[in-house]
Amino acid sequence: MEYIEREKARPAFCLKDYLIQSGGSDPVTLHGAIHRIRDMGHFSFLLVRLPDTIIQCVLEGQAYEKHRPHLHEECCVRLTGVISAEERAPHGLECHIQDMVVLSSPAAPLPFPVNRHKIGPALETELGYRPIALRNSDRRARFRVQAGIVQQFRNFLQTQGFTEIRSPKLQSASAEGGANVFSLDYFGKKAYLAQSPQFYKQMMVGVYERVFEVGSVFRAERHQTARHLNEYVSLDFEMGYIDDFTDLCAMETAMLASVFDYLRQSFAEEIQTLKVSLPSVDRIPSIRFVEAKELVARTYNRKIKDPHDLEPEEERLISDVIKRQTGSDFVFVTHYPASKRPFYAMNDPENPKLTLSFDLLFRGLEITTGGQRIHDYDEQVAKMVDKGLAPEDFKSYLMAHRHGMPPHGGLGIGLERLCMKLFGDSQIRLSSMFPRDMGRLDP
């Protein structure tokens, strides 16, 4: 019998860790893909793509004679060398190669260069070769930042007493209602892909009080817009024993502040690569829905076409006005009409035509929807009936209400939308690693 020792589980070479920990000139062993080759006659500069960055390596002498004829861009290599100071190199460091092993060579040339700042082809072509395009420094930086957002979302909420949950993505009832659900046959029964973890995170408030989830959700909306995806990542949390919905807004404000502070500290290189301007979120202004509509109409001499919802152009204009008035890139829009909110949204006791709900706009785009939920069983059943829904279709959801629920509420953040506005993109698919829209199921 043989045993696998845990000491064999060693991390990949990380240049950021090396910069922090190393004080000597001992040889290091690292591995990566050759991002670019610059031949200089009797030696070459190799830019080697590491997990966290790109390092400049010098191939010279016997190592050059031995390996240069066999090297191509995207060859995967393992090399040993000494890292020394070189102010002209990225990070002021370069690695002088002492030994190298070519682990693999590409069987075909790249469909387009990935070692330039901008990828050349049109977006549709890029998406068709997405695993290749993601090797580009700009694309890699985007999704490292996105991973950092998710990581700090988790970290922060755990410090606030939240428990992470995993809700099923196959469900017997749709959370939002309407026709924008993917239905499927589940062993002879009708089932749906989850539009959100809404029902389950509400149920789990009765278990843990504060819960959160990071997961994919699915919307069968027939659209081809720059702001919609049919599958996206939702950052959800739900809180019990709240005083009112502003507790949720305060928690989101604190969470976003923590996330952006974390990005400043831990992803400075990626932020510089992407030329991202991180917003300040010490506090976020709030405006009621009706007041926001009137503000835009008055400021821009626009007619109010839809009194029940915000048009995309109105979201942009509200953000512009608030930015000029307060300097904030964010604004909470509260008290949406009950006619446009789901059956679980609590009505405003002072005006039942409105709800204790909100959206968060970021640089002209809605990235969050949330609000206080109905926790009383009879009140929830009555609102379902009022909206033309059959309570018997929601037995599992109502079970928690029947047996007692605390005052609670929550929200969901569209991760790709947040990143889209953070990166200053005009197209949301750039912020999805493998986007799914009406026309794309591959790669």
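Biologist: Which residue in β9 stands opposite Gln171?

Modeller: Gln171 has Tyr192 of β9 standing opposite. Keep in mind that we're looking at a predicted model.

Biologist: OK. How many bridges join β7 to β9?

Modeller: Two bridges join β7 to β9, which covers residues 189-193. The two strands run antiparallel.

Biologist: And what's the strand order in that sheet?

Modeller: The order is β7-β9-β8, three strands forming an open sheet with antiparallel pairing. β7 (170-171) and β8 (183-186) are the edge strands, each pairing on one side only.

Biologist: Switching to helices. At what angle do the axes of α6 and α12 cross?

Modeller: Roughly 20°, and the axes come within 10 Å. Here α6 is residues 198-208 and α12 is residues 395-402.

Biologist: So why call α6 and α12 roughly parallel?

Modeller: Angles under 35 degrees count as roughly parallel, so α6 and α12 fall in that class. Their crossing is left-handed.

Biologist: Which residues make that contact?

Modeller: From α6 you've got Phe199, Gln202 and Met203, and from α12 there's Ser396, Tyr397, Ala400 and His401. That group splits into four nonpolar and three polar residues, with no charged ones.

Biologist: What about α11 and α12, how do they pack?

Modeller: α11 (residues 377-386) packs with α12 at an angle of about 150°, and the axes are 8 Å apart. Over 145 degrees counts as roughly antiparallel, so that's the label for α11 and α12.

Biologist: Next pair: how far apart are the axes of α5 and α13?

Modeller: They're 11 Å apart, with a packing angle of about 125°. That angle makes α5 oblique to α13, and the crossing is right-handed. For finding them, α5 spans residues 137-159 and α13 spans residues 415-423.

Biologist: Who's touching whom, that is, which residues of α5 and α13 make the contact?

Modeller: α5 brings Arg142, Val145, Gln146, Ile149 and Val150, while α13 brings Leu415, Leu418, Cys419, Leu422 and Phe423. Sorted by class, the α5 and α13 contact holds eight nonpolar residues, one polar and one charged.

Biologist: Is Lys275 buried or exposed?

Modeller: Exposed means over 50% relative accessible area, and Lys275 has 70% relative accessibility, so it counts as exposed.

Biologist: How about His335, what's its phi?

Modeller: His335 has a positive phi too, about 60°, although it's not a glycine. You'll find His335 in the loop between β13 (330-334) and β14 (347-348).

Biologist: Buried or exposed, His335?

Modeller: Buried, because its relative accessible area is 8% and the cut-off is under 20%.

Terms used:
Residues are numbered from 1 along each chain as its sequence is written. This is a predicted model: local features need pLDDT of at least 70, side-chain atom pairs count only at pLDDT 80 or more; totals for chains, interfaces and linings use all residues. Side-chain values use heavy atoms; hydrogens and water are left out. Axes are lines fitted to C-alpha atoms, for helices over the stretch in contact, and angles run from 0 to 180 degrees between N-to-C directions. Helices (H or I, at least four residues) and strands (E, at least two) are DSSP runs, numbered from the N terminus. Angles under 35 degrees count as roughly parallel, over 145 as roughly antiparallel, 65 to 115 as roughly perpendicular and the rest as oblique. A crossing is left-handed if the near helix is turned anticlockwise from the far one by less than a right angle, and right-handed if clockwise. Contact means heavy atoms within 4.5 Å. Ala, Val, Leu, Ile, Met, Phe, Trp, Tyr, Cys and Pro count as nonpolar, Asp, Glu, Lys and Arg as charged, and the others, Gly among them, as polar. Two strands pair if DSSP finds at least two bridges between them. Buried means under 20% relative accessible area, exposed over 50%, partly exposed in between (1.4 Å probe, protein chains only).
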